[in-house]
Amino acid sequence: MFLSFFPKPKLFFLTFVLWALATVIAWYAIGDDLGQTLSLGQLFGIDFPAVLGEGADAAAQTAYQDAYSFASDVWLYQYMFVCYALFVAGWMLYGGQKWAKWSVLGSALIVFITWFQVQVSVMINEWYGSFYDLIQKALTAPNTITLSEFYGQLLTFATIALVAITVAVFNHFFVSHYVFRWRTAMNNYYTNIWPQVRHIEGASQRIQEDTMRFASIMESLGVRFLNAIMTLLAFLPVLWGLSGYVTELPLIGEVSQALVFVAILWSIVGTVLLAVAGIKLPGLEFKNQKVEAAYRKELVYGEDYEDRAEPVKLVELFDNVRKNYFRLYFHYLYFNVVRYGYLQAGVLVPLIALGPYIVAGAFTLGVMQRISNAFNQVENSFQFLVNSWTTIVELLSIYKRLKAFEAAIGNASLPKEDLNEAQ
């Protein structure tokens, strides 16, 4: 599944994690401070501003922060480009694998785009604060803002959204090709060993359909997992800073970094609830693929042989399909009760935590919007398993089916459920 597409997959993913961790640590340890010396932005007039003297007014401080932030962003992109280039070049030279251009370079591009989209979300969160503060000012003191200021804020959002939409469209196009290349690699790998796997029940479906679904789901889950990690890294400091507005929680009392505490606690509760409620679903999904394959296979044989696909046999096979679907429906019934109940209750959690401070008018509408959005981003990151559980269940069932091919390649004994019944 991975060997067909990635060069030395275990080592590849291990080095990716270690390299990513090392580059992040290096950035916060020394990399950020090296920008004034190594940044190529200086060649284009993007310099780090000189440190302000004591007593600088608010306008000068704002201008300094804006200039420093822009120069720092330019240096960060340069730093990331170098880190990406070193990792990709190393694996392109060392991997020596047919699909390395897609698996190595393509994966690096997807990771970068995911990070960029998270940064766009951070920019939008900052925009929420300034925009809703402007709205509050206009509603509480009429005619204190101009129409140009209002439309200027909308234009800022439109610019950010246009960039985000453009990147998302091209990313979707690229990912579609990426997934199909992965499917092609698996398809070629498995068809080359067809004599070894043809005796496995539903072998044709596993090569034709399961490879496509596996590549698609793995890519989707992988991107969502990376997005969750990067969103957490981007928004946790934001929520940490905004937690200064909230020092106590209803029924609990004083808690350090209260908003972060609530997000983590609520996410742990949801993960445990969903894991317990959905523990039987992977096995049922796998069995569902098995009974569907048996029924479909008999129908296919019936097209070529008169003694196959007899009504009695078809009724028996379809009865197995029906029973398993009814079991799935029942287990998904209580699973969805827990899942949707938890997600809907989650809408109220930040409002309950902020309730006393909203009533007391402890912060502006813009701050409230920033808190709410940052809380939701952090909460969703911690809830990766909650939001992805049904997809993970489907992936596990496909993985178990394709694992039979892996066993056949190594001449290992197949799991009992994969042994073909006598025909």
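Q: In this predicted model, which helix holds both tryptophan 127 and phenylalanine 131?
A: Let's start with where these two sit. Tryptophan 127 and phenylalanine 131 are four residues apart, which is about one turn of the helix. The helix they both lie in is H4.

Q: Are the rings of tryptophan 127 and phenylalanine 131 stacked or edge-to-face?
A: By the ring rule, the model's count comes to 36 aromatic pairs. For tryptophan 127 and phenylalanine 131, the ring centres are 4.6 Å apart and the planes meet at 10 degrees. Planes under 30 degrees apart count as stacked. So this pair is stacked.

Q: Is tryptophan 127 buried or exposed?
A: The cut-off for buried is under 20% relative accessible area. Tryptophan 127 has a relative accessible area of 9%, and phenylalanine 131 has 9% as well. So tryptophan 127 is buried.

Q: What kind of aromatic pair do phenylalanine 174 and tyrosine 178 form?
A: These two are four residues apart in helix H5, so about one helical turn separates them. Phenylalanine 174 is buried at 18%, and tyrosine 178 is buried at 4%. Their rings are 6.5 Å apart, centre to centre, with 40 degrees between the planes.

Q: How far apart are the end C-alpha atoms of residues 221-246?
A: UniProt, in an unreviewed entry, lists residues 221-246 under "transmembrane region", along with others including 258-279. In the model, residues 221-246 are 85% helix and 0% strand. Residues 258-279 are 91% helix and 0% strand, with ends 32 Å apart. For residues 221-246, the end C-alpha atoms lie 34 Å apart.

Q: Which ring does the charged end of lysine 8 sit over?
A: There are charges sitting over rings here, and arginine 308 is one of them: its charged end is over the ring of tyrosine 301, 4.6 Å from the centre. For lysine 8, the charged end is 4.9 Å from the ring's centre. That ring belongs to tyrosine 94.

Q: Which side chain makes a polar contact of 3.2 Å with that of asparagine 288?
A: Asparagine 288 is in helix H9, and at 6% relative accessibility it counts as buried. Leaving aside neighbours within four places in sequence, asparagine 288 is in contact with Asn324, Tyr325 and Leu328. The polar contact of 3.2 Å is with the side chain of asparagine 324.

Conventions. Residues numbered from 1 in each chain as written. Predicted model: local features only at pLDDT ≥ 70, side-chain atom pairs only at ≥ 80, totals over all residues. Heavy atoms only, no water. UniProt positions renumbered as here; feature names shortened; annotations may be inferred. Phe/Tyr/Trp six-rings, centres within 6.5 Å; stacked < 30°, edge-to-face > 60°. Buried < 20%, exposed > 50% of the residue type's maximum accessible area, 1.4 Å probe, protein only. Lys NZ or Arg CZ within 6 Å of the ring centre and 35° of its normal. Contact = heavy atoms within 4.5 Å. Polar contact = N/O pair within 3.5 Å; in protein donor to acceptor, adjacent residues only side chain to side chain.
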